[in-house]
Amino acid sequence: MTEQLKHFIGGQYVAGKSGRFSPVYNPSTGEHKADVPLATEAEVSDAVADSLAAFPDWANTSPITRARVMFKFKQLVEENIEELAALLASEHGKVHSDAKGSIIRGLEVVEFACGIPHLLKGEFSDNVSSGIDMYSMRKPLGVVAGITPFNFPAMVPMWMFAVAIACGNTFILKPSEKDPSLPMRLGELMLQAGAPKGVLNVINGDKLSVDTLLDDPRVKAISFVGSTPIAKYVYSRAAAAGKRVQAMGGAKNHMLVMPDADMDKAVDALIGAGYGSAGERCMAISVAVAVGDAGDELVEKLAPKVRNLKVGPSAADGDMGPLVTKEHLEKVKGYVDLGIEEGADLVVDGRDLSLQGYENGFYMGGCLFDNVQTDMRIYKEEIFGPVLSVVRAPTFNEAIEMVDKHEFGNGTSIFTRNGDVARAFSNNVEIGMVGVNVPIPVPLAFHSFGGWKNSAFGDHNQHGPEGVRFYTKVKTVTSRWPDSIKAGAEFIMPTHK
């Protein structure tokens, strides 16, 4: 029988009441492995109420105690990481090593959150005027929520809830319905680590659940990662409801390959960044910009490596596994068909890949286009699959102009031996995250993650110092004691003379 999943509310698994379910597949085999309940508006409201009830005590728990919970949670995730990676791979399709690596990148933010006693320190100014002291403190917001994508069911939730909970908030996680089991397992581990019931609730659902969280006045902030159209929707609706919002959208990340680049290293970087996790990453490199005369050599070295990618089930731990669903597989294949229609040169065609014994899995080999033009849809739109496009740019300035004109501004990279070129690129390109001879420039946890333009909406980025600012509000206290107060009323604006 197909397993029926539940919600994780108030420290326990709770059966869904809606009668509506979404299928969860094993992408490696195509097997329908489980059904996840899609919550009603009332179920989401109950989860919010549970989180709200848990908030006062958790907010008043000392930052040191909250840090100790984070330390214990980190330990539990590390102790169970093989099981967690296998669970992740079974619903997403990542190969095991990639699944494990994504969990580790999430744990880095947990490690950052362990420093919350230091991160929450305010400022103090004594005797700003006669007998008057002034100080500030950071306070948690209340109930906050995260809406996370299918491609990182462990990393992105930990990027959100680790900082939020360490700051003293309670958190409602609405994970993707495509791979919900691991997020609920993280809820279990947080409970085992010492977080009180209700501090981390996991509610499964679809648009109805999202809209309920966006509209509920008890939810004070929303963090979202997903496609740009949905990010815009989440941002506008939640902001209109008076909430803080950080909404991370889509990407079309370019990597410039300069003529002086170490071509072998650039090609290796492109293979990993373009095809790792089957291209289902918002920081994947999907456009290689060959500058000057770099194009022919680049494509010549890329093509055989793309053809020789080891594609297989997640347990085999090759270069990349299947895509997440059959529908997404057909969508990506459709983009390859479109690229051919638009006139791009399909150098490597991976559409017809079939694996013996895994014929029902959602597999696709790597695809490589050359001579892609900037007016083509395969250049302009996010494909989110193992498809790399090579675009030619005669000069460095034209290459930068190309990157800047694209609607997305998530990440970009340049491979060069020229320090002046690298510095000019880093300083001038209109992109939020830049790599120099680094293909995927995801900042470490003590910096903040976020793009520009149509890749991000809201004023604060994910994790790092920006995450602490997003999940707290500043209170400033001006204090004076009776002995320093002069007699008599004052009717003018205080000037602290």
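Strands here are DSSP runs of E with at least two residues, numbered from the N terminus. With that in mind, and remembering that this is a predicted model, select strand β7, which covers residues 132-140 and holds Lys-139.

Next, select helix α7, residues 181-192, whose 12 residues reach 17 Å from the first C-alpha to the last, close to the 16 Å expected at 1.5 Å a residue. Nine of these 12 residues are buried, so α7 is largely enclosed by the rest of the structure; among the buried ones are Leu-182, Met-184, Arg-185 and Leu-189. Moving on to just after α7, you come to Gly-194, which takes a positive phi of about 115°.

The last two stops also concern backbone angles. Most residues other than glycine have a negative phi. Select Ala-278, in the loop between α10 (263-275) and β14 (285-291), where phi is near 55°, a positive value in a residue other than glycine; Ala-278 is buried, with a relative accessible area of 0%. Finally, go to the loop between β22 (456-457) and α16 (464-470), where His-463 is placed. His-463 is not a glycine, yet its phi is positive at about 40°, and with 2% relative accessibility His-463 counts as buried.

Note on methods. Residues numbered from 1 in each chain as written. Predicted model: local features only at pLDDT ≥ 70, side-chain atom pairs only at ≥ 80, totals over all residues. Heavy atoms only, no water. Helix = DSSP H or I, 4+ residues; strand = E, 2+ residues; numbered from the N terminus. Expected span 1.5 Å × (residues − 1). Buried < 20%, exposed > 50% of the residue type's maximum accessible area, 1.4 Å probe, protein only.
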